[in-house]
Amino acid sequence: MDKNLLQKLKDWRMKTARRENVELFRVISNQALEDIAEKKPQEKSELLEVKGIKEKKYAKYGEEILAMVRGAGEEFFESFKEENKVFEVGEYLNFLNEKLLDAEARIKGEVSEVKDRGNYLFFDIKDKEESIISCFIWKNDYQTSGINLEEGMEVIIWGYPNVYKPRGSLSFQTKLIELVGEGLLKKAYEELKKKLENEGLFAPERKKTLPKYVQKIGLITSHQGAAIGDFISNVGNYGYKIKFYDSRVEGKQAFFDLARGMKWFNKNFPDLDALVLVRGGGSLESLQAFNTEVLVREIAGSKIPVLAGIGHEQDVTLAALAADKMVSTPTAAALEIRRPWDEAIHGLESREKYILNTFQNIIIENKNVVLEAERTLSGILADIFERFRRARERLKNNLVKIKMTIDQDRSYLSNAGKKLSTNFERLFSNFVNLIKSMAEKIALHDPERQLKLGYSLVSLRGRIVRSVKDVRVGDEVDVKMSDGELRSKILNKNYAKRK
Amino acid sequence: MQKESNLTQSLKKLEEIVEWFESQQEVDVEKGLEKVKEGAALIKASKERLKKVENEFEEVKKDLEKEVE
C-alpha cells in the first residue's frame, strides 16, 4: 500500500469534510481510501470498482482522487496557474470553486425569498442598499442552525461562495444561520423551549439514571476552554476511562461539533457510562449552539445517559434541560461523578468499623460469658481441689498415725514376743509348780486317802452329810469306808458346842 | 462495567452484612465470624477498586469511527 498516497488522501478528505462541513466518513470511507491507496485506479472505471464509490461520489470527487493517484496532487492545481493555460468550462469552474473556498465568510443581512425544497432551501439575504446574495443551505445544516427562517429576519450566515456548474450562477453555500440580537434570540429560545417541552423532551420520566459509579466517560467540550481543566481536576482519580471529543463550544463550528459528538459516542462507544457535556458560563448569544433543536434531539435520543454541566448567565440551555442530569458548571459535573466514589470510600470505612466493632463487642460479650463460666468453674474446681487437698491432708495425717500405730504395734509385738516367751517360761514353770503343789494338795486331800486314814463319808440317799442337821433320828445313812460301806441308823443327835 | 458492578455488588452485600448484624438480637459467634470474614473480603476487594488509580485520558480520533453503509 502506498502510505504516502494514503496520507495525501486523508489530508484531502479532512479538508473536503471541513469545506462541506460533514463528517469524514460522509466524504469517503476509510476502507475506500485504503483500497484506492492499494489499487491505485488510473481511470474512472477502475475507481468505480472501489467499494463505496458510485457515480454520485465519482461526480463529486472522482477527478480530484484520480489526480492524486496519478501522483500529481498539488501539481494538478498548480498547473492552473500557468499563464497560458486554457481551461475547459467545467475545469475552470472546479478551479474557481476551489479558490472561492478561501472567500469563506460570515455575512449579516435581512432574509428575503425563502424557498423550502425539501432536502435543501434557497433564500436571499439583502441589506439596505438592496445588495443581494442568493443562498443555498442543506436541510441538515438548516436544522442544525435551529431557527425558522422568516422573511425580514436579521441573520448572520456562515459559508462560502460557489458557482453552480449546470447554471453558472453564484450562490452562497450556507453552512449555518445565526440570529442577530438578544431579542430575536430570546424569542427563538422561548419558542423552541415551548415546542420541545410540549413534546415531552424535558420530562423527568424520560430521563435515564446515570450509573452510580461512572467510570467510562465520553467528554464533549473544547480543548481550549477552562471547562476541560475544571472537569479533569475535580473529577478525582478513580481510574476513569475518559474519551475526549474535542468540540467547539462557542461560535459557528460549535453548532455542528456538539451534536456530532453526541452522535459519534452513541455510535462508536455505546457502552459508555455517561456522556458529559460541559462549558463555562456565557450569555444567551454565546450559548446559542446549546439551544438548537438538533442538539436537544441528540441528547434526548442518546442511549448513553447525558450529564450536562453548562454554565449560564440567564436562561438554562435547552441542551441542559434535555440532559438526563444537569448541573450548572463543569466543576459541579465533575463532582457529580466523583461524589459516589468518595462516599463509597467513607461508607466502606464506616461499614468496616461497624462490622468489626459489632463483632468485637460480640466477642467481648461472649468472652465475658466464658470468663464468668470459667470463674464459676474454677471456683467449683478450686473447692473440689481444696476438699481433695484437705482429704489428702487428713489421709496423710491418718496414715502417719496408722504408721505410728503400726510401728508401735510392731515394736510392741516384737517386745511382746520376747516378753511372752519369758513370761511363758515363767508361767510354765509356775504352772508346773502349781500342778506339783496341786498334785500334792490333791494327794493330800484325796478322800480315799482320808478314808484310809480312818475318816469315812456319810451320805443320806446319795448326798454327803456335812452337818448333824442333815439327818434326822431314825434315818438310815450310808457310811463309806476305805474298804467298803456300812449302813447305819441314826440313833441320836448331839450338837457340838460352838467355840 | 464489570469492575463497577462489582463495586456496587460488594457495597450492597456489605450493607446486607451490616443489616444482618443490626437485626440479630443475639449473634451466633460462628455465624458472626463467617459474616465478618465475608465482609473483610468484600472490604478488601472494594478498597482495591477504590484505590487512587490514574485516569486514562484519550482524545478520540474522529476519523477512526465505524463506517456507515
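**Entry 1: α1 and α5 of chain A**

I started with the packing of helix α1 (residues 3–20) against helix α5 (residues 55–69), both in chain A; their axes lie 10 Å apart and the angle is about 150 degrees. I have to keep in mind that this is a predicted model. Since an angle over 145 degrees counts as roughly antiparallel, I noted α1(A) as roughly antiparallel to α5(A). I also looked up the hand of this crossing, and it is right-handed.

Next I listed who makes the contact. From α1(A) I wrote down A:L5, A:K8, A:L9 and A:W12, and from α5(A) A:E64, A:M68 and A:V69. Sorted by class, these residues of the α1(A)–α5(A) contact give me five nonpolar, two charged and no polar.

**Entry 2: α1 and α3 of chain A**

I stayed with α1(A) and turned to α3(A). Here the axes come within 9 Å and cross at roughly 140 degrees. This crossing of α1(A) past α3(A) is right-handed.

On the α1(A) side I found A:L5, A:L6, A:L9, A:K10 and A:R13, and they meet A:L33, A:E34, A:I36 and A:A37 of α3(A). My tally by class for the contact of α1(A) with α3(A) is six nonpolar, three charged and no polar residues. I marked A:L5 and A:L9, which are in the contact with α3(A) and also in the contact with α5(A).

**Entry 3: one loop residue**

I then picked A:E43, which sits in the loop that links α3 (30–39) to α4 (44–48) in chain A. Is A:E43 buried or exposed? I counted 9 other C-beta atoms within 10 Å of A:E43, and 12 or fewer means exposed, so A:E43 is exposed. I also checked A:E43 against A:G62: they are 19 residues apart along the chain, and their C-alpha atoms are separated by 9.4 Å.

**Entry 4: the sheet across both chains**

In which order do the six strands of the open sheet run? I read it as β10(A)-β9(A)-β8(A)-β6(A)-β7(A)-β1(B), with parallel pairing. The edges are β10 (325–327) of chain A and β1 (56–59) of chain B; each has a single partner strand, so one side of each has no neighbour in the sheet.

A:L275 has A:V306 of β9(A) as its bridge partner. I also saw helix α11 (residues 252–268) of chain A packing on the sheet, where it touches β6 (216–221), β7 (241–246) and β8 of chain A. The direction of α11 makes about 165 degrees with that of β6(A).

At the chain boundary, β7(A) and β1(B) run parallel and are joined by four bridges. One pair I wrote down is A:I242 with B:F57 of β1(B).

Chain B has two helices and one strand, and from the N terminus on I read α-α-β. Of its 69 residues, 20% are buried.

How many residues of chain A are in contact with chain B? I got 36 residues of chain A, in contact with 33 residues of chain B. On chain A, the elements that give two or more residues to this side are α2 (24–27), α3, β7, α11 and α14 (330–445). The largest share, 13 residues, is from α14(A). By class, I noted 18 nonpolar, 10 polar and eight charged residues on the side of chain A that touches chain B.

Terms used
Residues are numbered from 1 along each chain as its sequence is written. Chains are lettered from A and ligands numbered from 1 in the order in which they are written. This is a predicted model: local features need pLDDT of at least 70, side-chain atom pairs count only at pLDDT 80 or more; totals for chains, interfaces and linings use all residues. Axes are lines fitted to C-alpha atoms, for helices over the stretch in contact, and angles run from 0 to 180 degrees between N-to-C directions. Angles under 35 degrees count as roughly parallel, over 145 as roughly antiparallel, 65 to 115 as roughly perpendicular and the rest as oblique. A crossing is left-handed if the near helix is turned anticlockwise from the far one by less than a right angle, and right-handed if clockwise. Two residues are in contact if their C-beta atoms, placed from the backbone, lie within 7 Å. Ala, Val, Leu, Ile, Met, Phe, Trp, Tyr, Cys and Pro count as nonpolar, Asp, Glu, Lys and Arg as charged, and the others, Gly among them, as polar. Two strands pair if DSSP finds at least two bridges between them.
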